[in-house]
Structures are given as C-alpha cells and as structure tokens.
Amino acid sequence: MRKARDLVRGLQRRSFSTARSSTSAPMDPADRYCYNPVLRWNPQVEAYFSKAYGPHHFYRISQALTHPSCYSCIRVNTLKSTSDAVIEKLLAIIQERELDNVVDGMHVSESNAAAKFDMEGNLQSSLGECNNHLNLEEQKKVAVGNFEQLNSQKKSLETGPISKCQLPGLDYVVFVRGSGPHTIEYGYEIDRPPKEVIVSRKCAEAVLRGAQLSLLRIAQVGTKIVITVYVPGVLACSSHVEKGDVVAVSVAVEQPGTDGGWVVGITRGTVLQGQQKGLHLKARHYERALRLKPACKVLGLKPHNPEYPYHFERNALYIGRGVTMLSRAGIFRASGGIAVDMNSRVFKLPSFYDVLEGEIFLQNLPSIVTAHALDPQQGERILDMCAAPGGKTTAIAILMKDKGEVVAVDRSHNKVMDIQKLAAEMGLHCITTYKLDALKAVCRSNESNDMITPSCRKDTEDVTLQSSDSPRVQMEKNPCSTEAFNTDFTCQEIVTNGEGNQRTYTSKADIRKNIRRIRNGPGRNQGIGGRVEKSKGFSPNSFDRVLLDAPCSALGLRPRLFASELVFIELLETTESLRNHAKYQRRMFDQAVQLVRPGGVIVYSTCTINPGENEALVRYALDSYKFLSLASQHPRAGGPGLVGCFQFSDGYSEEWLRPGEEELVQRFDPSSPLDTIGFFIAKFNVGPKDT
C-alpha cells in the first residue's frame with residue numbers, strides 16, 4: 001500500500017514539474033478573460049436564415065442576440081399611477097440605493113466611454129452599418145419606418161437615465177438605461193490566475209439581463225440591490241474557495257459532443273484545480289483523464305502540455321466578477337442559498353425586482369405593442385390563448401380600463417396561478433383564468449348542451465372559478481382551501497337514508513389527508529388561490545378579439561448563448577424542428593379562427609426570428625381563410641415583414657409574404673437601432689364566415 005502511495009506521489013511531482021516547465025506559450029489573459037460569444041447554428045438553419053435576411057444581416061442579428069438590450073422597459077399600471085409619478089419614484093429609489101452607476105451610462109469609466117450604450121454613437125453606427133448591407137429599397141423602408149421614432153427616443157434617452165417612450169400612445173412606457181459592455185479587471189497575475197466559478201448557461205443569461213430566474217436571486221443588502229447567483233446555478237468551482245473570496249464567473253456553454261449532440265461537458269461539483277490559467281485534473285485521476293480525453297474537446301479545452309493531457313487551458317465566456325457567499329463545500333452541499341454576489345458585471349442593467357409592486361411591470365417593448373395592436377375596447381370579451389405569465393393579459397385589461405372580460409388560458413396549472421397572482425397584484429378584476437390546452441380551445445359539439453356559460457365547464461360543483469378577485473374572496477368561495485391548515489377542520493359529508501333522515505360524519509380519509517397537508521405543507525391545489533378551473537373549451541364565435549401569442553422556437557430572445565431552446569434533447573434547432581413549430585402554431589391558429597366572431601380581430605405574435613413561424617403562418621392564414629385580411633397596426637414601431645419563399649432540400653416550398661403585405665405586419669429586428677428582442681406581430685380582421 002505504501003509503495004503504491006509513493007508511486008502516485010512521484011508521478012504527481014514529475015507531472016506537475018513538467019507542466020510548470022512547459023514551453024508552450026501561455027494564453028493571453030486579455031483573450032481568455034473576455035466576453036465575446038458566437039452563436040453556433042445548424043448549417044441548414046444558417047443557410048435558411050441567410051436566404052431570408054441576407055448573410056450580412058443575419059450575421060448582425062446573431063451578434064445582437066448574444067447581448068442584452070441597452071435598456072429596461074417598464075409598463076406603468078395607469079389604473080394605479082402615472083408615468084411621471086413612477087419616474088419620480090424610480091429616481092428617488094436610484095438615488096437612495098446608489099444605483100446611478102448601474103443605470104446611467106454616463107457614469108461608467110473612461111475606458112467604456114465608447115461602449116454600445118452611448119445612444120448617439122449607437123444610433124449613427126447602427127444605421128450606417130445597416131445601410132451598408134441593404135439594398136436601396138430596404139434602406140428606404142428602414143429610414144421611413146424607424147427614423148422619426150428613433151430620433152425622438154434617442155433625444156429622450158440622452159436627457160437622463162429614465163425617460164418616457166416617445167412612440168404615439170405609449171407615453172405610459174418608461175425606459176431605464178443600462179450600460180456595457182464593460183471591461184472587467186479579474187485580478188490576473190502571472191502564475192496566479194483568479195479563482196473561478198462556472199455557472200450554467202441559463203443562469204448566465206439571467207445575470208446578463210439582470211432578471212430573476214430560479215438560478216438567480218436579486219437581493220437587497222442595506223440600501224443597495226445586488227444581483228446574486230443562486231446555488232443551483234453553479235456547476236464548477238476552483239478548489240480552496242472560501243466565503244468572501246473574489247472569483248471570476250464564467251459560463252458553461254453547450255459544445256459539440258462525440259455522438260453528434262450538444263453537451264455541457266461539466267458535471268456539477270467539478271474542481272477547477274490549479275496553477276496557471278486552466279482546468280487541471282489531479283494526478284491521481286491520470287488514468288481517468290486518459291479515458292476522458294475526448295471530453296476535453298467537448299469542453300473546449302486544449303492541452304497545455306501534450307505529454308500530460310490532464311493539464312488544460314480553457315477558452316470561456318466571462319460575465320463578471322463576484323464575491324462568494326459560501327465556501328466551495330457549502331456551494332455544493334447546500335440545496336439552496338446565495339452562492340456569488342455579482343458586484344461587477346459585463347452588462348449592467350437595472351433590476352427593479354420587488355419595487356413598486358402593482359404599479360409597474362417589466363416587459364419587452366414589442367409585447368406592449370402587441371396589446372395595442374389588438375386594440376381592446378371597454379365591454380368586449382377577449383381571449384388570450386397562451387396567456388402565461390400574464391404580461392399581455394394585464395396590459396389588455398388596463399387598456400380596457402378593467403371594464404369587460406379578459407379570458408386567460410394556459411395548459412399549466414402553476415402558470416395559471418401566476419396569472420392570477422399578477423392580476424391581483426395589479427388590482428385587475430376583469431380577468432378570468434382557466435387551465436386549458438389552446439389546441440382544445442373550441443368546445444366540442446357534443447358537450448355544448450352542458451354549457452353554463454360560454455365556457456364548457458368541467459367539475460363545476462367542486463372547483464371554484466378563479467379570477468382576479470382578491471385571495472380573500474376566492475377562499476370564501478372554496479372553504480375547504482381556506483381551512484386546509486386548521487387542525488380542527490374536518491370535511492363533512494351529508495348522508496341521507498331511505499327515510500329522509502340526515503346525519504353528518506367525519507371522513508377518516510379526509511382526516512388523514514388533512515394531517516398530510518399539515519405535515520407536508522400546502523400543495524398546488526391548497527394555495528392561497530385555491531384550485532384553478534379546468535375548461536373543456538369555448539363556444540365558436542364567442543369572443544370579440546383573440547390574442548394568440550403562440551409558443552415558438554424563441555430564437556428572438558436575448559441575450560442568447562446557445563441557438564436553441566431544445567434543452568431536454570440537447571440539440572440545435574434544425575430546419576425540421578423549426579417546421580414542426582410552425583405546424584403546432586397552425587393548429588392553434590385554426591382554433592383562434594373558430595373562436596372569434598365575424599367582425600372581430602385576431603392578433604398573432606411570436607418571439608422568434610424564424611420566418612416559417614411568422615410570415616409563413618400569415619400566408620397559411622390568408623390562403624386557408626378567405627374571410628381573413630391583414631389589418632394595419634398602431635402604433636407602428638417594428639419594420640416590414642419578409643417577402644419571398646424558400647425551397648427546402650426535400651422539395652417543400654415555404655411561401656412568405658407577397659408584395660404589398662410586408663407593411664401590414666411588424667417585425668422587430670434585434671440588430672436594429674431600436675435594440676429590442678426579435679419579435680413578430682400580425683393583425684387580422686375577420687369578415688363574414690359564410691363566404
């Protein structure tokens with residue numbers, strides 16, 4: 001045993017001695033500690049998008065998708081406040097919590113003076129670069145469609161960190177400036193690289209946009225709001241990391257695997273060991289390193305010394321620097337808690353989580369424009385088919401002055417509960433929610449006789465209607481849920497015998513269930529809001545307007561570090577998967593057409609740059625339903641749609657818009673000076689259906 005231990009120690013001494021004396025040139029710290037992501041697309045998908053947009057334009061879109069927008073967009077609840085009052089409160093909060101350096105691009109260091117978020121330079125350079133790669137006709141469209149609002153918005157943003165939106169009818173929308181990209185000093189010294197933490201891609205994307213996800217927490221420390229990485233978001237960590245250490249935070253992005261798929265390649269708890277600038281495997285794992293050599297390519301690692309494949313340097317994306325709130329052992333042993341306080345980020349976007357609840361809602365500008373395009377009127381009955389998380393639903397209700405009915409459906413129980421919570425928070429009472437799959441939104445004819453309302457109810461006797469009423473009202477409707485945690489509570493049943501006598505008794509099954517509830521805590525059906533109602537669908541022609549914000553490939557969301565949302569099968573989007581998205585959306589659109597009355601309106605929207613889910617859907621709608629026609633939209637903030645078609649290798653031809661139709665839709669380009677997510681909006685007027 002002792003001989004084996006001495007042999008391992010000798011191997012370790014010789015191995016690390018050779019690694020230190022390696023003659024290979026070390027990696028330049030400026031090249032390693034940087035944020036310069038590149039989206040990798042499936043070759044067929046890249047060819048498809050290049051045909052749709054042009055190679056240069058698609059390249060700019062890909063670059064824009066890897067960065068967050070330069071501002072946060074806030075929608076003011078005009079039923080509770082005004083934009084002027086909100087701006088005043090936000091400025092006071094910023095001053096109190098010392099967030100000027102986060103939201104004001106003018107307060108960044110001199111080295112960042114030419115950063116992307118210098119609004120004047122950004123506008124001019126973006127327009128110049130855009131026009132260099134567009135033909136004359138496209139240049140005219142860009143100039144006519146965007147110049148006036150961009151110019152006015154630029155002047156507004158230049159006046160301070162917070163400003164009103166200058167688009168017509170959107171004066172209740174407030175922009176809060178951000179800054180970046182910043183040059184971060186990671187404290188690198190020769191042979192003494194900084195300690196490092198690797199986080200998941202989802203967590204990194206949340207840090208970049210200043211949002212709150214399950215892997216990210218926004219906490220208040222004293223008078224300052226800080227963005228912190230939550231424990232589940234950490235995948236790997238340097239050895240000997242203690243609480244309070246300054247660490248560089250990098251991202252584990254999916255890489256090509258040996259089987260043709262895409263893998264992260266890092267197991268949670270991996271030790272980033274060592275000296276110099278790389279990922280080191282301990283000598284006692286030498287044999288394992290030999291077996292894992294193919295995985296090194298997956299991780300983007302390269303040998304620092306070819307003789308010893310357990311010593312590697314790693315190219316990575318670094319998103320900032322932070323201070324650890326737990327030791328390494330605590331990070332990987334704890335099931336929850338804050339792992340890293342991100343005190344220095346590449347992009348600094350303001351976060352107003354838990355600020356002015358009920359008065360403001362953080363929402364992307366194209367989503368706000370979508371609610372306006374629907375043009376809801378007071379007293380109408382409106383359906384939001386895929387409503388979660390409720391941003392557009394509440395925007396529609398506010399535009400209606402909370403007068404009328406907004407029916408919001410989603411197939412997820414928890415998401416329906418989120419809609420209810422948001423509606424209650426914003427004080428809206430015209431919103432009614434149901435759990436319903438949008439593909440089954442039309443009530444079947446054999447169930448229409450059971451209708452109590454225009455919604456075909458299911459379990460109407462023992463499930464309470466969940467609307468945006470206060471939780472107190474909802475609990476009064478369902479007493480079982482209000483008393484679920486009362487130890488003295490027992491569900492009672494009324495039993496009748498043949499003589500008509502009645503007696504009550506306590507069900508032992510209900511007693512056992514109540515004990516389990518007390519021990520395990522509230523289940524999803526015993527929360528404050530009680531149960532959500534399951535609907536079997538709605539009668540045809542029962543809505544004045546329908547919004548279909550369809551589930552999509554989400555290729556317009558930003559920042560994006562991986563060109564897919566297919567996280568469960570770990571594959572890039574392919575042309576086949578993109579076409580499958582489109583088939584799914586067409587089935588949903590068929591449901592929407594049946595539910596809207598003649599003379600009504602349908603608005604279709606997605607958050608993707610894929611023309612197969614956007615313009616091709618419009619072509620399908622117009623060709624399949626002759627009573628539908630494209631309608632103009634107000635306000636108009638996006639650009640024109642795509643005209644043309646694409647021929648796939650299997651012979652399938654996908655047709656987009658025809659000349660004259662492109663100006664009736666809105667396409668939001670991530671690479672445009674408006675700096676939004678990728679988004680698409682189409683509005684249809686519904687004529688007489690008997691034609």
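**Notebook: a serine, some salt bridges and a sheet**

I began with Ser542, which sits in the loop between β25 (535-538) and β26; helices (H or I, at least four residues) and strands (E, at least two) are DSSP runs numbered from the N terminus. I am working on a predicted model, where local features need pLDDT of at least 70, side-chain atom pairs count only at pLDDT 80 or more, and totals for chains, interfaces and linings use all residues. Residues are numbered from 1 along each chain as its sequence is written, and side-chain values use heavy atoms, with hydrogens and water left out.

Is Ser542 buried or exposed? I found 18% relative accessibility, so Ser542 counts as buried (buried is under 20% relative accessible area, exposed over 50%, partly exposed in between, with a 1.4 Å probe and protein chains only). The Ser542 side chain reaches the backbone oxygen of Ser539 at 2.6 Å.

**Salt bridges**

Next I looked up salt bridges (a side-chain nitrogen of Lys or Arg within 4 Å of a carboxyl oxygen of Asp or Glu), and the structure holds 16.

I noted Asp675 with Arg558, at 3.0 Å from N to O. This pair links distant parts of the chain, 117 residues apart: Asp675 is in the loop between β31 (666-668) and β32 (679-686), and Arg558 is in the loop between β26 (543-549) and α19 (575-595). Both Asp675 and Arg558 are buried.

Then I checked Arg619 and Glu661, whose side chains meet in a salt bridge at 2.8 Å, N to O. Arg619 belongs to helix α20 (residues 615-624), while Glu661 is in the loop between β30 (653-655) and β31, 42 residues apart. Both Arg619 and Glu661 are buried.

My last pair was Glu663 and Arg636, with their closest N and O atoms 3.7 Å apart. Glu663 counts as partly exposed because its relative accessibility is 38%; Arg636, at 25%, counts as partly exposed too.

**An open sheet**

I finished with 4 strands that form an open antiparallel sheet in the order β2-β3-β1-β17 (two strands pair if DSSP finds at least two bridges between them). β2 (162-164) and β17 (360-362) stand at the edges with a single partner strand each, so one side of each has no neighbour in the sheet. In the antiparallel pairing of β1 (residues 71-76) and β3 (residues 173-177) I found 5 bridges, and Ile74 stands opposite Val174 in β3.

Terms used
Polar contact = N/O pair within 3.5 Å; in protein donor to acceptor, adjacent residues only side chain to side chain.
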